[in-house]
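Look at the model first, then read on.

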Amino acid sequence: MFKRALSKEKRIKKDAKVLKKFIKVYCKKNHLKNGIKEHKEGYCKECYDLLHYALKRNEKCPLDPKPQCKHCTIHCYKPEYREKIKKVMKFSGIYFLKRGRLDWVLHYFF
């Protein structure tokens, strides 16, 4: 399949959109639903911090084109954040697949 190269700015915007959506679903279903208070913008404190950490790491990625983090040789995430984001992506990916939202899952990979 042919993959077009995105400019760094477009890639960052696309990745930010996906990260926000995936983390928001995870937070809503695992934290806010279970009584943890909302911190800002529909996220609990932990998820809000994870989102901003991930956005910052994404902007600072030195590789162009940026590979998926699981295929990266650099690993710019701290180990605890890598585990958190893996958990979020797995949960949210399955969540969207079960609800027929392949557009979000495909949006993440392509």
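Helices (H or I, at least four residues) and strands (E, at least two) are DSSP runs, numbered from the N terminus. The model is predicted: local features need pLDDT of at least 70, side-chain atom pairs count only at pLDDT 80 or more, and totals for chains, interfaces and linings use all residues. Residues are numbered from 1 along each chain as its sequence is written, and side-chain values use heavy atoms, with hydrogens and water left out.

**The chain**

The chain has 4 helices and 0 strands. Its pattern along the sequence is α-α-α-α. Of its 110 residues, 34% are buried (under 20% relative accessible area; exposed is over 50%, partly exposed in between, with a 1.4 Å probe and protein chains only). Take the contacts (heavy atoms within 4.5 Å) between residues at least 6 apart in sequence: 60% of them join residues at least 24 apart.

H1 has 23 residues, and at 1.5 Å a residue it should span 33 Å. The expected span is 1.5 Å times one less than the number of residues. The end C-alpha atoms of H1 are 32 Å apart, which agrees. Buried residues of H1 include Ile12, Ala16, Leu19, Phe22, Ile23 and Tyr26. An α-helix has 3.6 residues a turn, so residues three or four places apart point the same way.

Axes are lines fitted to C-alpha atoms, for helices over the stretch in contact, and angles run from 0 to 180 degrees between N-to-C directions.

| Pair | Angle | Axis distance |
|---|---|---|
| H1 (residues 8-30) and H2 (residues 45-59) | about 165° | 10 Å apart |
| H1 and H3 (residues 79-98) | roughly 85° | within 9 Å |

H1 is therefore roughly antiparallel to H2, while H1 and H3 are roughly perpendicular. Angles under 35 degrees count as roughly parallel, over 145 as roughly antiparallel, 65 to 115 as roughly perpendicular and the rest as oblique.

Which residues of H1 meet H2? Among them are Ile12, Leu19 and Ile23, and their partners in H2 include Leu51 and Leu55. On the H3 side, Leu19, Phe22 and Tyr26 are among the H1 residues in contact, and Val88 and Phe91 are among those of H3.

Most residues other than glycine have a negative phi. Glu41 has a positive phi of about 55°, although it is not a glycine. Glu41 lies in the loop between H1 and H2. Glu41 is exposed, with a relative accessible area of 53%.
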